[in-house]
Every structure is written in structure tokens, then in C-alpha cells.
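Subject: Structure handover

Hello,

Here is the structure for you to look over. My notes follow below it.

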Amino acid sequence: MDYSQINEVLILGTTPGRQDYALLNRLGVRLVINMRLERPPYSSSTVSRIRTLWLPTLDSPFFPIPMHALRRGVEAALAVIQDGGRVYVHCAAGRHRGVAMAAAILIALGQTPEQAMALIKEKRQVADPDIWYIRQRILRFAKVWQQLSENRGYSIGS
């Protein structure tokens with residue numbers, strides 16, 4: 001498992017194997033968000049403190065990551081973060097789909113899309129939030145999240 005600590009509550013990387021859940025547990029991860037269509041998450045009875053959320057998506061410009069998937073992941077992540085846990089986000093290589101979700105979480109925590117993308121690139125060298133179809137989803141999510149925050153009384157970061 002190849003991973004990068006993005007900030008104190010968010011880790012981004014590749015698909016964890018069964019053996020990696022012990023490490024994730026030691027890192028304080030309480031939620032693993034899996035963005036891969038092709039591989040469902042492992043269930044681990046030995047590490048029951050870690051929840052998994054499978055949001056199957058394709059890494060393709062022809063099938064954009066649905067906004068409802070980003071929103072669902074962000075809402076689950078915020079609940080874990082507010083409870084003192086950390087979140088591990090992954091796709092196959094930690095370059096595109098996982099990056100979009102990580103950026104969405106950072107946006108919900110109060111960063112601008114540009115700040116989120118810059119931080120991810122700084123902390124994870126293989127991340128490519130600038131590829132047009134991922135950048136487009138990140139920017140779109142920021143607009144959607146702002147509208148949700150205004151309409152539902154959310155404050156940024158809540």
C-alpha cells in the first residue's frame with residue numbers, strides 16, 4: 001500500500017490489502033473510502049473499528065464521477081473527522097478518483113478548490129488533480145457544496 005498523509009485527518013493512496021488494515025487502524029483511520037469500481041472493499045472482522053464506504057466509479061472522462069458519490073463520501077468523512085477519526089481515500093493508484101474525493105473532503109473542510117488541489121499535489125507526487133476531467137469534477141463539487149451549505153445551513157467544515 002502506497003499512501004500519502006495529506007493533512008492531519010486525511011490520507012490518500014492505493015488500494016489497501018487485507019494486511020494493511022492493521023496499519024490503517026494504528027494510523028487512526030476510522031473510515032476507508034474506496035472509489036474503485038473494479039474492486040469492492042475487504043471486510044475485516046479483525047479491525048471492526050474501521051468502516052468502509054464503497055463508491056464505485058470509473059477513471060474515465062466518458063463517465064464523470066457523480067456528484068452524489070462525492071457528496072456521500074464527504075458527508076461520511078466529515079462525521080468521522082468530527083468524531084476524532086482519520087479517513088483513508090483510495091482508488092487504484094491514488095492519482096485521479098481518490099484525488100477527486102480527497103479534494104472534495106478538503107473543500108468541505110474549508111479550503112478552496114485551488115488550495116485543495118495544490119496541497120494534494122504537494123503531498124502526493126503521483127496525484128494529478130489537473131487532468132481536465134478530474135479538475136472539472138473538483139470545481140463542480142465546490143459549487144455544489146457551497147450551494148448545499150447555504151441551503152441547508154451547513155457551515156464550511158461541518
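Aspartate 20 sits in the loop between S2 and helix H1 (21–26). Helices (H or I, at least four residues) and strands (E, at least two) are DSSP runs, numbered from the N terminus. This is a predicted model: local features need pLDDT of at least 70, side-chain atom pairs count only at pLDDT 80 or more, and totals for chains, interfaces and linings use all residues. Residues are numbered from 1 along each chain as its sequence is written, and side-chain values use heavy atoms, leaving out hydrogens and water.

Aspartate 20 is buried (under 20% relative accessible area; exposed is over 50%, partly exposed in between; 1.4 Å probe, protein chains only). The aspartate 20 side chain does reach the backbone nitrogen of glycine 17, at 2.7 Å.

Now the salt bridges. The whole structure has 7. Arginine 124 pairs with aspartate 2, with the closest N and O atoms 3.2 Å apart. Arginine 124 is in the loop between H4 and H5 and aspartate 2 in the segment before strand S1 (3–5), so the pair ties together parts 122 residues apart in sequence. Arginine 124 is buried at 2% relative accessible area; aspartate 2 is partly exposed at 42%.

Glutamate 38 and arginine 97 also form a salt bridge (3.3 Å, N to O). Glutamate 38 is in the loop between S3 and S4, and arginine 97 is in helix H3, 59 residues apart. Salt bridges that share partners join Arg36, Glu38 and Arg97 into one network.

Next, the core. The largest nonpolar core has 45 residues; Ile33, Val74, Val87, Met101, Ile105 and Ile120 touch the most other members. Such a core is a set of buried Ala, Val, Leu, Ile, Met, Phe, Trp, Tyr and Cys residues joined through side-chain atoms within 4.5 Å. H3 gives the most to this core, with 10 residues. A second, separate core of 8 residues includes Leu24, Val29, Val32 and Ile50.

Last, H5. Its buried residues include Ile138, Phe141 and Trp145. Their cover includes helix H2 (67–82), helix H3 (97–108) and helix H4 (113–123).

Best wishes

How values were computed
Contact means heavy atoms within 4.5 Å. Lys and Arg count as positive and Asp and Glu as negative; His and the chain ends are not counted. A salt bridge is a side-chain nitrogen of Lys or Arg within 4 Å of a carboxyl oxygen of Asp or Glu. A polar contact is a pair of N or O atoms within 3.5 Å; within protein, one must be able to donate a hydrogen and the other to accept it, and residues adjacent in sequence count only if both atoms are side-chain atoms.
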